[in-house]
Amino acid sequence: MKNSELLQAIVQNAIDGIITIDAKGIMQHVNPSACTLFGYAPEELLGNNISMLMPPPDSVQHDQYLRRYDVTHQPRIIGIGREVTGLRSDGSKFPMKLGVSEVKYTDSTFYVGFIHDLTKQKEDTERLKEYALHLEELVEVRTQTLNDTIQELETAKEQISISLENEKELNRLKSRFLSMASHEFRTPLSAVLLSASLIDKYAEPYCSNEIIKHVGKIKSSVAGLTFILNNFLQLEKLESGKIVAAFTTFDLRELAEEITEEMQLLAKSAQVITYTHKGNETAVALDKNLLKNSIVNLITNAVKYSGENAKIEFTTEIAIHTITVAVKDNGIGIPKEDQKYLFDAFFRAHNTGSIPGTGLGLNIVARHVALMDGKITFNSNVNKGTLFTLLFNRS
């Protein structure tokens, strides 16, 4: 292929428009891309002035520009290139990048224009600007929303801080009240119990069953109130962090037998509390007072929520790695829907009816067991009884 043929093929197949004009601005050659770009057939362009492809004022000034360049040789576009506006056959305008080269050929001067359509690029740029503007607006809105949220959080934080301070103050007042009430009630209760004991003693010569019965009711009521006050006092100490586990080594079986004897005196007339120890070892290292309080609470509940002829089973077991304490009754049981709240303070199952209680016992037991690094579990069915198990690891 000859060089001229190769050059012609390149020009004809170039994706950018290529137009050749003479020194007077008359179009001498137009490639297919330029025809498509401006919307003309080749014959509509060839022989016409290039200014027909320019909107005013460029179309008016173009010939003057060529004459000035021919005299001064000071380029404004030739050899430099710049962005200009093109005019299509339908009168529409479009942005384009124009580069012009000067060509000397057989003692004549020609100018070759290379035209690149910038329409899509401009549209993309505008879309990017619009998108950037949209993003800025979106960021501004989001920033304002974030600032509003931060302000709301700050306000909520202040309100929560005030609420926490109020709650702390309320807890301090509650703790002081519980402590004061527990101590203040003990004195008159002790006097009532002493007086009841004296009445019991002085009434012995009269052998009056009625006196014995009513004195027994007084003692029982005093014991119940004392137990409730002890629970309130324990709760106050637990919440204020005054109670810590003091581990000592003691005989578990002896403690359990002692508790069984004491609780049998408080049981209902025909109730029987049986105690069994499993294993040969009896020594354990736990907090004796916390463990006793926990067991007493469990047996008290078993007595309270079981019938007159109930049998309450109390067992202890010392294995190689664990210490187990269990209290089982055949009382009213705990409804399934209430079991998840069982260890919450002041919670009582809905089937307790008129049976007195504060709902503190099991909460205190759970806390005492936790202080000894143990855990409490239970299994219960309505009207079939409940089994509570305390489990501790042996060190």
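**Two helices side by side**

Select residues 252-266, helix H7, and residues 288-304, helix H8: their axes come within 10 Å and cross at roughly 35°. (Axes are lines fitted to C-alpha atoms, for helices over the stretch in contact, and angles run from 0 to 180 degrees between N-to-C directions; helices, H or I with at least four residues, and strands, E with at least two, are DSSP runs numbered from the N terminus.) The H7–H8 crossing is right-handed, that is, the near helix is turned clockwise from the far one by less than a right angle.

Now show side chains. On H7, the contact residues include Leu 255, Ile 259 and Met 263, and on H8 they include Leu 291, Ile 295 and Ile 299; contact means heavy atoms within 4.5 Å. Which classes make up the contact of H7 with H8? There are 10 nonpolar, 1 polar and 4 charged residues, where Ala, Val, Leu, Ile, Met, Phe, Trp, Tyr, Cys and Pro are nonpolar, Asp, Glu, Lys and Arg charged, and the others, Gly among them, polar.

A word on the ground rules: this is a predicted model, with pLDDT of at least 70 needed for local features and 80 or more for side-chain atom pairs, while totals for chains, interfaces and linings use all residues. Residues are numbered from 1 along each chain as its sequence is written, and side-chain values use heavy atoms, leaving out hydrogens and water.

**The sheet under the helices**

Next, color the open sheet of 5 strands, whose order is E7-E9-E10-E12-E11 with mixed pairing. Its edges are E7 (272-278) and E11 (375-381), each pairing on one side only; a pair needs at least two DSSP bridges. Zoom in on E10 (residues 322-329) and E12 (residues 385-393), which run antiparallel and are joined by 8 bridges. Click Val 327 and you'll find its bridge partner in E12, Phe 388.

Bring the helices back. H7 packs on the sheet, touching E7, E9 (311-318) and E10, and its direction makes about 175° with that of E7. H8 packs on the sheet as well, touching E7, E9, E10 and E12, at about 20° to the direction of E10.

**Into the core**

Select Leu 286, Leu 291, Ile 299, Phe 314, Leu 390 and Phe 392: of the 40 residues in the largest nonpolar core, these touch the most other members. H8 gives the largest share of this core, 8 residues. (A nonpolar core is a set of buried Ala, Val, Leu, Ile, Met, Phe, Trp, Tyr and Cys residues joined through side-chain atoms within 4.5 Å; buried means under 20% relative accessible area, exposed over 50%, partly exposed in between, with a 1.4 Å probe and protein chains only.)

Center on Phe 314. Leaving aside neighbours within four places in sequence, its contacts include Ala 256, Tyr 275, Ile 295 and Val 327. Another core, of 20 residues, lies apart from the largest one, with Val 30, Ala 34, Leu 45 and Phe 94 among its members.

Most residues other than glycine have a negative phi, and most peptide bonds are trans. Go to Pro 56 and Pro 57: the peptide bond between them is cis, with omega near 5°. Pro 57 is in the loop between H3 (42-45) and H4 (58-72).

Then try Asp 373, whose phi is positive, near 60°. Asp 373 lies in the loop between H9 (361-371) and E11, and is exposed, with a relative accessible area of 63%. Finish at Asn 383, in the loop between E11 and E12: its phi is positive too, about 65°.
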